[in-house]
Amino acid sequence: MTPALQSVLSPAGPDAALLAQLSWLLFGAGAVIFVLVAGLAIASIWRRRWRPSSRLLVIGGGIILPLPLLAALMVWSGWQGSRLTWPFSGAARIQVSVTGHMWWWEVRYRNTRTGREAVLANELRLPAGERVYLALGASDVLHAFWLPTLAGKVDMVPGRLHGLTLRADAPGRHRGQCAEYCGTQHATMALDVVALPAAEFDAWLEHQAQPALNASLRGRDVFLAARCNACHTVRGVAEGGRQGPDLTHLASRSHLGAGALPLNRAALLGWIANPQAAKPGARMPASSLPPEDLQALAGWLETLQ
Ligand SMILES: [Cu+2]
């Protein structure tokens with residue numbers, strides 16, 4: 001699998017391409033102004049005419065060069081900005097609401113056909129080549145949604161919804177990151193993004209909307225006895241709180257704790273025993289389960305594909 005991209009300079013969607021073009025243009029024009037003004041400064045010193053009122057420098061470098069250039073850039077960037085996709089929910093088949101929490105992402109898909117909801121966390125999948133509408137909000141403090149390879153940055157504000165329409169040109173992996181300082185673990189608030197061929201995406205979403213399989217194993221009993229469902233939902237097992245990520249299909253994700261750890265058995269055991277070790281400040285308490293219960297619990301969570 002190709003590594004997930006997280007750079008404005010590798011655009012993979014129409015809006016990101018516009019923004020990358022604009023960044024290069026602004027950088028180029030800035031470099032041109034810098035070189036020309038520096039050249040004029042050197043020229044005026046060289047000609048021993050260096051005074052604060054040196055006409056060459058003040059009129060040439062201070063007015064004639066920057067004014068038209070900056071004015072042209074302003075017009076150009078305003079025009080480019082107006083070409084960015086307007087966030088409009090009506091045209092999109094797939095609508096997702098993404099909520100920023102300290103320090104993870106809640107991702108809810110509404111299937112407009114069946115009316116069923118699929119809830120997941122820290123992972124966003126998109127059908128490639130199709131416009132997707134995102135409704136962005138926050139539950140606690142300010143966060144910001146930023147997928148540099150796909151679109152511009154949008155603030156996530158408690159009590160408000162901001163829209164974003166984006167499109168990934170082709171199947172591939174991307175990485176997003178919270179872009180508004182939101183507390184201790186702001187840096188560990190990453191979002192895995194996977195663009196899939198449309199048919200594959202539909203099958204995946206259908207699966208995510210199903211309740212959990214293997215609902216009758218020992219690990220499930222540990223999950224309930226340890227009251228993990230006070231904060232976590234596993235659909236088909238326990239409608240729990242929303243303080244923590246929905247775990248119904250935990251095992252289909254690639255990371256734990258919004259990018260804090262890769263998802264495997266050892267990481268899972270360590271996380272459940274003490275999330276503070278990998279992510280100090282995370283809003284999940286340590287547990288003191290006996291080792292065999294811990295193994296059963298982790299084993300069961302791993303079956304939640
Ligand atoms: Cu943040």
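In this predicted model, three strands make up an open sheet of mixed pairing, arranged in the order β4-β10-β9. The edges of the sheet are taken by β4 (123-127) and β9 (172-177), and because each of these has a single partner strand, one side of each is left without a neighbour in the sheet. Averaged over the sheet and with direction ignored, neighbouring strands are turned by 25 degrees against each other.

The pairing of β4 with β10 (residues 190-196) is parallel and rests on five bridges, and within this part of the sheet Pro127 stands opposite Leu196 in β10. Helix α4 (residues 198-208) packs on the sheet, where it touches both β4 and β10, and the direction of α4 makes about 135 degrees with that of β4.

At the level of the whole chain, the domain assignment gives domain 1 (14-82), domain 2 (94-198) and domain 3 (218-302). The centres of domain 1 and domain 3, taken over C-alpha atoms, are separated by 55 Å.

| Helix pair | Angle | Axis separation |
|---|---|---|
| α1 (residues 14-46) and α3 (residues 66-82) | roughly 175 degrees | within 11 Å |
| α6 (residues 265-273) and α8 (residues 291-302) | about 120 degrees | 10 Å |

For the pair α1 and α3, whose axes cross at roughly 175 degrees, the angle makes α1 roughly antiparallel to α3, since angles over 145 degrees are counted in that way. The contact is formed by Leu18, Leu22, Leu26, Ala29 and Ile33 in α1, which meet Pro66, Leu69, Leu73, Ser77 and Gln80 in α3. Divided by class, the residues of this contact of α1 with α3 comprise eight nonpolar, two polar and no charged.

The helices α6 and α8, by contrast in topic, pack at an angle of about 120 degrees, and they are therefore oblique to each other. The crossing in which α6 passes α8 is right-handed. On the α6 side the contact involves Arg265, Leu268, Leu269, Ile272 and Ala273, and these meet Leu294, Leu297, Ala298, Leu301 and Glu302 in α8. The contact of α6 with α8 has, by class, eight nonpolar and two charged residues, with no polar ones.

Conventions: Residues numbered from 1 in each chain as written. Predicted model: local features only at pLDDT ≥ 70, side-chain atom pairs only at ≥ 80, totals over all residues. Pairing = 2+ DSSP bridges. Helix = DSSP H or I, 4+ residues; strand = E, 2+ residues; numbered from the N terminus. Axes fitted to C-alpha atoms, helices over the stretch in contact; angles between N-to-C directions. Contact = placed C-beta atoms within 7 Å. Domains from an automatic or database assignment. Parallel < 35°, antiparallel > 145°, perpendicular 65-115°, else oblique. Left-handed = near helix turned anticlockwise from the far one by under 90°. Nonpolar A, V, L, I, M, F, W, Y, C, P; charged D, E, K, R; others polar.
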